[in-house]
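Here is a brief report on selected features of one model. Start with the sequence and structure.

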Amino acid sequence: MSESRPEHPKRFVSESDSNLRRALARLSCERGDITGVDVDAIGNAANAELAGGGGVDGAIHRAAGPGMMRELTERYPRGCSTGECVITAGYDLPARFVLHCVGPIWRGGDHGESAQLASTYRSALALAESVGATTLAFPAISAGIYGYPHRPSADVALSALALDLASRPSIESVRMILFSEELHRIYSTALAELARTISAS
Ligand code: AR6
C-alpha cells in the first residue's frame, strides 16, 4: 500500500471534526506485555518473510505455540510486503487473532519510512474490521530492532490510527501496549499532544 495520506497531526488538522475527536477517545497507551492482552486481535511486529525473530515477534510466537508458524507458512508462503499485514488465529494467546504487521526498517527517515509505518497500522485496522474484530492492541511497530526513533514512531502511529479509526466506527478500542516505561511515557505524551492539536483546531 503506497497511497499517500498525512501522518503527522499538524498535517491533518484541517480534516479534524467530531469523528476524529471520537476516534481519539478510543485510542489509549499503557505499559505492558502484549502476549497477555485479552482483545479480539493483537498486532505483531513481523518481518517481510514472516519467519519469526526476536523482540515482540519472538514473544508472540512462543506464547501462541507452533500452530501459528504453520498457518503463516501455509497461507502466506511469499511473506508480506512492508507497510502491509496478514492475519492468523491466536492459538494459545488470549487474543483470537494476530495481525502480523511488517513495519519499515529505519534508514534515516528519507526513504518513505513514515508513509510505510502509517500504512502498516491502516492495513491492520482494515484487516481487523474485515474479520469483525472490534478490540485491538498493538506494540510499537518498528520501534525496536527496526530502529525507528521513538517519538517520531509515536507521532506516526497515533496519527495514522486516529485518522483511520475516524472512518471505522465498528472498531471500539485500540490499545498501544508499550513494553518499557520510557516508551510508555513517550507514546502517552505524543497522544496527549495529538489530543491538544485536534481540540485546538
Ligand atoms: N509486548 C509489547 N511490546 C514488546 C514486547 C512484548 N512482549 N516485546 C518487545 N516489545 P521489535 P521491530 C516491544 O524489535 O522494531 C523481530 O526480529 C519492543 O520493546 O519487536 O518492528 C521481527 O521478526 C519495541 O518497543 O519490532 C523483525 O525482524 C517494540 O515491541 C523485527 O524484529 C517493537 O520492537 C521487527 O522489528
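## Helix pair α2 and α7

This is a predicted model. In it, α2 passes α7 in a left-handed crossing. The contact draws on L20, R21 and L24 from α2. From α7 come L194, A195, I198 and S199. By class, the contact of α2 with α7 holds five nonpolar residues, one polar and one charged.

Two numbers describe such a packing: the angle between the helix axes and the distance between those axes. For helix α2 (residues 18-25) and helix α7 (residues 181-200), the angle is about 160°. Their axes lie 10 Å apart. Angles over 145 degrees count as roughly antiparallel, so α2 and α7 are roughly antiparallel to each other.

## Nonpolar core

The largest nonpolar core has 65 residues. Within it, A41, V98, L99, L136, A157, A162 and Y187 touch the most other members. Helix α6 (residues 150-165) supplies the largest share of this core, nine residues.

What does Y187 touch, not counting residues up to four places away in sequence? Its partners are C29, A140, A154, M176 and L178.

## Two residues with positive phi

Y91 is not a glycine, yet its phi is positive, about 50°. Y91 sits in the loop between β3 (85-89) and β4 (97-102). Is Y91 buried or partly exposed? There are 19 C-beta neighbours inside 10 Å, so Y91 counts as partly exposed. The cut-off for buried is 20 or more.

S142 is not a glycine either, and its phi is positive at about 75°. S142 belongs to the loop between β5 (135-138) and α6. S142 counts as buried because it has 26 C-beta neighbours inside 10 Å.

## M69 in helix α4

M69 is part of helix α4 (residues 67-75). Around M69 there are 16 other C-beta atoms within 10 Å, so M69 is partly exposed. A residue with 12 or fewer would be exposed.

Which residues does M69 contact, leaving aside its neighbours within four places in sequence? They are G52 and H61. V56 is 13 residues from M69 along the chain, and the C-alpha atoms of M69 and V56 are separated by 15 Å.

Note on methods. Residues are numbered from 1 along each chain as its sequence is written. This is a predicted model: local features need pLDDT of at least 70, side-chain atom pairs count only at pLDDT 80 or more; totals for chains, interfaces and linings use all residues. A nonpolar core is a set of buried Ala, Val, Leu, Ile, Met, Phe, Trp, Tyr and Cys residues joined through C-beta atoms within 7 Å. Helices (H or I, at least four residues) and strands (E, at least two) are DSSP runs, numbered from the N terminus. Two residues are in contact if their C-beta atoms, placed from the backbone, lie within 7 Å. Axes are lines fitted to C-alpha atoms, for helices over the stretch in contact, and angles run from 0 to 180 degrees between N-to-C directions. Angles under 35 degrees count as roughly parallel, over 145 as roughly antiparallel, 65 to 115 as roughly perpendicular and the rest as oblique. A crossing is left-handed if the near helix is turned anticlockwise from the far one by less than a right angle, and right-handed if clockwise. Ala, Val, Leu, Ile, Met, Phe, Trp, Tyr, Cys and Pro count as nonpolar, Asp, Glu, Lys and Arg as charged, and the others, Gly among them, as polar.
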